[in-house]
Amino acid sequence: MTRGRTTLGTTVTSSPSQLGAIERHALCIRRNVIRMLATAGSGHPAGSLGLADVFAAMYFDILKYNPTDPNDPTRDILVLSAGHTVPAQYAALAEAGLIPEEELLTLGKFGSRLQGHPERQRLPWLETTSGPLGCGLSQAAGMAYAIKNWHSDDPASKKRYIYVITGDGELDEGNNWEALMFAAKNALGNMIAIVDRNHIQIDGTTEDVMPLEPLDDKFRAFGWHVQQIDGNNVESIIDACALARAETERPSVILAYTTPGKGVDFMEDDYKWHGKAPNAEEAKRALRMLEARDL
Amino acid sequence: MAELDSTRAGFGRGLVAAGEKGKRVVALAADLVESVQMHLFAEKFPERFVEVGIAEQNLVTIASGMAHVGFIPFAGSYAAFSPGRNWEQIRTTIALNNQPVKIIGSHAGLNVGPDGATHQMLEDIALMRVMPNMVVIAPGDAIEAEKVALACAADERPNYIRLTREKSPIFSDADAPFEIGKAYVLREGRDVSIFATGTMTALALAAAEELLSQNISAEIIHVPTIKPLDADTILTSAQKTGHIITIEEHQIAGGFGSAIAELLIENNTFARNDPAKKFRRIGVDDQFGQSGTAAELLEHYGLTTENIIKIATELLK
């Protein structure tokens, strides 16, 4: 029943045709993100579009999960710390057939399982509840610690990984740095963080609001294994996660350089689209652009 | 003179017992292992004890992650820091996420003494009782605190447990019942109901003895679970005596006395046509604490047997 990643190792097993399929899933995620946000009239397009490739790679290659049981005790865990990008995760869940595609347009509506920010109690495919920033790394560290040290009698625990997706702006929060120290101290090699390095946050660029650079050096100084990749390249994402899994003594971070608003030219690299939903006309233009591209 | 012990010491012993009973029980501390009496657990179960350093936001969110993969984490610090500093993390990752994390707020109240206002947490009951899904418990003495630890380990909800630093009189015994959500009538009376939570119950019991010599029959109700309140026991007593005093080592705004007031008013226990009924809260009234001995501070802020007696006699005049 395992979906996604079926083999362990340091080499990429995905063939070019598999990669093409994942890229197509990412494109469908982007289209649905635009439809969802336009219908809801609120949401965060830049990060959601920027992370589409990461989510597609997660659900169609990297994550080991059981499509019939979100609580399968042998599954990998994906923690979304940057809760405002959850539309991309909802779209990926629909793409993977875990929730109905029609449900996507209920985003943020009364009674919907698809809350504006992710809520685990309403949708068990989400591993945590998030939105208030800076708490994903530490929750993931708690899970990784427990699985490493207290599930160790169970051979399946050795093959379980805890992935966490954080924004870059949210690294302003101090809780993250507490978590980085804890993960390094406890050699949480089963923990893999992906930082959505898109250089924007609500009030401007990350380097204007609160400089993060040199970000790779900061992680290294905190005892983490660091990789820097093109976060909009599916193959790079899959490759980097395989290398991160091979690093067993240290927690790993992948600084995934993404283009915020990726795929919609008037949104790309513009921080004003961090937290503003497209209106009907803008959504139409965006969808035209995304539909013109077919892989 | 009653035997003395602190609720944190009792809880620390109870946590060891809970660890013996269940393998899912784990403990986390934030550089205050002995202060929160977790050293007993850490010595007995070193493999199930985790030190996170001076990082209360990390403390509770790591605990939330551990709960997510099947454990019952007890996360201990001073109440002033947890939930004082990390309230939002508790709200989002534990309460809204409904994880069975046990937040231990030790050194609550004025009784931490010389450390002063920064460390004298007087707002934690208010902070925690407004949080959906959260259970709030203030054990009355060290023996009850042991039972609280065991009961919390068996409870699948998020819990907040409020503990005290100073030794206080033991009024219960090994056979006394404790169940989450129950209040206990420790002494029956007919003139006034005194509702007490935490270690204030010992003061109320002593006051009842003295009041009897003044021909006032006080009913003492110990309310260790502040949320959810035991409405039946509380309303039955309030309807019987008609006069109510509450006492807590906490701000009177938003705390235990406020919770009792809300319950009584909404159940028409204080109906408009019965002006004879009276209600008084004893607690800290919109002030911070300060340095001093525990005894000096409790006296200064009116948390004494003498003050309970004074207020009861005023009410019944």
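Domain bounds here come from an automatic or database domain assignment. I note at the start that this is a predicted model.

**Entry 1: the two domains of chain B**

I looked up how chain B is divided. Chain B has a domain 1, covering 4–169, and a domain 2, covering 184–315. I then looked up the distance between their C-alpha centres, which is 26 Å.

Next I asked how many residues of each domain are in contact with the other. On the domain 1 side of chain B there are 28 residues, and they touch 30 residues of domain 2 of chain B. I listed the elements that give two or more residues to the domain 1 side: they are α5 (124–129), β6 (135–137) and β8 (168–169) of chain B. Sorted by class, that side of domain 1 has 13 nonpolar residues, nine polar ones and six charged ones.

**Entry 2: where chain B touches chain A**

I turned to the contact between the chains. Chain B brings 21 residues into contact with 22 residues of chain A. On the chain B side, the elements giving two or more residues are α3 (56–68) and α4 (87–95) of chain B. Which element gives the largest share of this side? It is α3(B), with nine residues. By class I wrote down nine nonpolar residues, 11 polar and one charged for the chain B side.

**Entry 3: two cis peptide bonds in chain B**

I checked peptide bonds in chain B and noted two that are cis. One runs from B:Ser82 to B:Pro83, with omega near 25°. B:Pro83 sits in the loop between β4 (72–78) and α4 of chain B. The other bond runs from B:Lys227 to B:Pro228, and its omega is near 0°. I found B:Pro228 in the loop between β12 (225–227) and α8 (231–241) of chain B.

**Entry 4: two positive phi angles in chain B**

I looked up B:Gln37, which is not a glycine but has a positive phi of about 60°. Its place is the loop between β2 (25–29) and α2 (39–44) of chain B. Is B:Gln37 buried or exposed? A residue is buried if 20 or more other C-beta atoms lie within 10 Å of its own. B:Gln37 has 26 of them within 10 Å, so B:Gln37 is buried.

B:Asn268 also is not a glycine, and its phi is positive at about 60°. I located B:Asn268 in the loop between α9 (256–266) and β14 (278–284) of chain B. A residue is exposed if it has 12 or fewer such neighbours. B:Asn268 has 11 C-beta neighbours inside 10 Å and therefore counts as exposed.

**Entry 5: the sheet of chain A**

I moved to chain A and wrote down a sheet. It is an open sheet of five strands in the order β3-β4-β5-β9-β8, with parallel pairing. Which strands are at the edges? They are β3 (77–80) and β8 (225–230) of chain A, and each of them pairs on one side only. Neighbouring strands of the sheet are turned by 20° against each other on average, direction ignored.

**Entry 6: strand β5 of chain A**

I then followed β5(A) through its two neighbours. Strand β4 (residues 162–167) of chain A runs parallel to β5(A), and six bridges join them. In this pair, A:Val164 has A:Ala193 as its bridge partner. I also noted that β4(A), helix α6 (residues 174–185) of chain A and β5(A) form a right-handed β-α-β unit. Strand β9 (residues 252–257) of chain A also pairs with β5(A) in the parallel sense, over six bridges. There, A:Tyr257 in β9(A) stands opposite A:Arg197.

In a regular strand, side chains alternate between the two faces of the sheet. I checked which residues of β5(A) point which way. A:Met191, A:Ala193, A:Val195 and A:Arg197 point one way, while A:Ile192, A:Ile194 and A:Asp196 point the other way, and all are buried. Why is β5(A) described as largely enclosed by the rest of the structure? Seven of the seven residues of β5(A), residues 191–197, are buried, so the strand is largely enclosed.

**Entry 7: A:Asp265**

Last, I looked up A:Asp265, in the loop between β9 and α10 (280–292) of chain A. It has 12 C-beta neighbours inside 10 Å, so A:Asp265 counts as exposed. A:Asp265 and A:Met289 are 24 residues apart along the chain, and their C-alpha atoms are separated by 8.1 Å.

Key:
Residues numbered from 1 in each chain as written. Chains lettered and ligands numbered in written order. Predicted model: local features only at pLDDT ≥ 70, side-chain atom pairs only at ≥ 80, totals over all residues. Helix = DSSP H or I, 4+ residues; strand = E, 2+ residues; numbered from the N terminus. Pairing = 2+ DSSP bridges. Right-handed = clockwise from strand over helix to strand, strands pointing away. Contact = placed C-beta atoms within 7 Å. Nonpolar A, V, L, I, M, F, W, Y, C, P; charged D, E, K, R; others polar. Axes fitted to C-alpha atoms, helices over the stretch in contact; angles between N-to-C directions.
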